[in-house]
Every structure is written in C-alpha cells, then in structure tokens.
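Have a look at the model first, and then we can go through the cavities together.

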Amino acid sequence: MKLRVLHRTTYRYARPAYDSFNEVRLQPIEHHWQKRLSYDLRSNPISARGGYLDLYLNAVDVLEYTQPHETLEIEAESTVETTTRTLPGPEDPAGLNDPAYALQLHDFLVDSHYVQLSPDLWRQAVDCLPNGVTDLWQDSVTLSHWIYDHFEYAPGSTHAHTTVNEALSKRQGVCQDFAHVLLGLCRSLKIPARYVSGYFFNEEFDPSQGGSEASHAWVEIFLPTVGWYGIDPTHRRPVDERYISIAVGRDYADIRPVSGTYRGAPERTMEIFVRVSQDLPTNA
C-alpha cells in the first residue's frame, strides 16, 4: 500500500520568540515491511537544518531560529510503501534467555519516564495471565485485548503528560495512554515492549468534511524468531499495511514529533494538522 502523509505543526506566540531550538522526529522508519519513498521537511521561517540518529536510531532533524518570530510552522510530507507481514506463530519465552538479547532489550523491560512499573500494573497483568507467560505473542494479544475491552477511548480525559498508573486508574484515555498501559503490563511480566509513534490510514475518513486526522501510537513486542512486531490496543488488531512507523522508544518521552525550547513569551498556542491518504495507481 502506497501512503502519503502531511503533518503540520504551527506555533503562535503572544510575543516574539527567539533562540528557538527544535528537534523533529517525523521521518518514516525504513523496515523491510515499510519503504520510505520520499520525505520533505519545510519550515516558516526558513531554518538551517542539521540532524542525527538518536539512541534508538530514529532520524532527528534539528531546526534553529535565532531571530524573533511570532509564528513557527513546521511541515513534513512523506510517502511510504507498506506491506503486510505474516502473523507470528507461537513464541516460547525461553527464547529471550539468549545472552545476546540482554543489552538490546534492557531498556524495554524496565521503568521509563511515563511507564513506571508498579504493584498495580503487575497485579493486573497477573490477573490477565494467571498461568504466566507461555506464548510471547498470544499473551501480548491477550493483554492488548484486555485494554480494549476495559478502557474507554475518551479524548480530553488525559493529557500528554499522563503516566501509565494514572491511565490505569482512570481506565480511559487515548492511543498514547493505551500504548503506555500495554507497555506496563508487558514489562511487568518480562515481555520486551517498545512504544511506536506514527499514523494509521483510516479508509473511512472523509477529507471533504474538513478537520484533521491525528498521529497514532501503538506497541511492538520483541519475538526471538521474528524480531519486533506491532500490536495496536486502541484498534484491537495487529499492525498491518495501514500503519506508518515514524519513531520508536521506551515511551512517548523518547519520540515526541516536535520538541524544543525557546526564549520569549511563555504564552503560545499549538495547532497540529495531519492528513493520511492512499496514493492509488493511475489508469494508463
């Protein structure tokens, strides 16, 4: 499936901002199931552009603005080609005991900024899997389904800084919260899990009605015979060709699409516009 993404972030400041430093994680990842065909990053005001690969090999664009400005617009446009992966078969958790995985998986088994492991998380994970972890993939699916069945999708009920234990207590939230809870449940049972940011192509969205789509978040589970494989607790499904991966990390703190600092008035507004569309072949 060939998909196009337009992601625009606009900041408006009450008074001129200056010495603005921004990190942008909006470049699609290259996988054997996701090919990046194009990526274009634009900004107004125009900025000199640098970049680097972060600890988890996400591409980070760096934009700096020294001169005063009252508005900052950062726009990324991408095209990717995605394919469906074969669903995993049974995965024996004993496969994780290979010493070669110890360093690679450490960060995805322990506490992180938004995912603090707690007795409540462990208790809920054990209640979901009373026989323990016997199949890494199917048990992860069970945990994901539990979130879908017991949490309410409620925009506005949480915010960007809501932690996993707050979301667990509320039993409501958005895709970021659902992903954090699944991370916490998996890590409580020693299932390696990482956060993924990106987009979901919704065939039912009608752009003629106006409005914006949104970024999406899900989780990838590490399976010794397969590698990382995605599961989406918000939509109760494994990740397929409708998903576009942008960045991975321990939790949302590692993958914020646009983040940074600036000097000037603290009062500002932020608007985000996202559009995901399918690039259909033309008839000859």
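A cavity here is a set of points, on a 1 Å grid over the protein atoms alone, where a 1.4 Å probe fits but cannot get out, and its lining residues have an atom within 4 Å of a point. This is a predicted model, in which local features need pLDDT of at least 70, side-chain atom pairs count only at pLDDT 80 or more, and totals for chains, interfaces and linings use all residues. Residues are numbered from 1 along each chain as its sequence is written.

**Confidence**
- The average pLDDT (the predictor's confidence in each residue, from 0 to 100) is 94 for the chain, and 99% of the residues score at least 70.

**Largest cavity**
- There are 2 cavities of 30 Å³ or more, where a volume is the space filled by probe spheres set on grid points joined across faces, edges and corners.
- The largest cavity has a volume of about 70 Å³.
- Its lining includes Trp33, Arg85, Trp218, Glu220, Tyr229 and Asp240.
- Sorted by type, the lining of the largest cavity has 4 nonpolar, 3 polar and 3 charged residues (Ala, Val, Leu, Ile, Met, Phe, Trp, Tyr, Cys and Pro count as nonpolar, Asp, Glu, Lys and Arg as charged, and the others, Gly among them, as polar).

**Second largest cavity**
- The second largest cavity holds about 50 Å³ of space.
- Among the residues lining the second largest cavity are His7, Arg25, Tyr199, Ile246 and Pro257.
- This second lining divides into 5 nonpolar, 4 polar and 1 charged.

How values were computed. Side-chain values use heavy atoms; hydrogens and water are left out. On a 1 Å grid over the protein atoms alone, a cavity is a set of points where a 1.4 Å probe fits but cannot get out, and a pocket is an open set with protein on both sides within 12 Å along at least five of seven lines; lining residues have an atom within 4 Å of a point.
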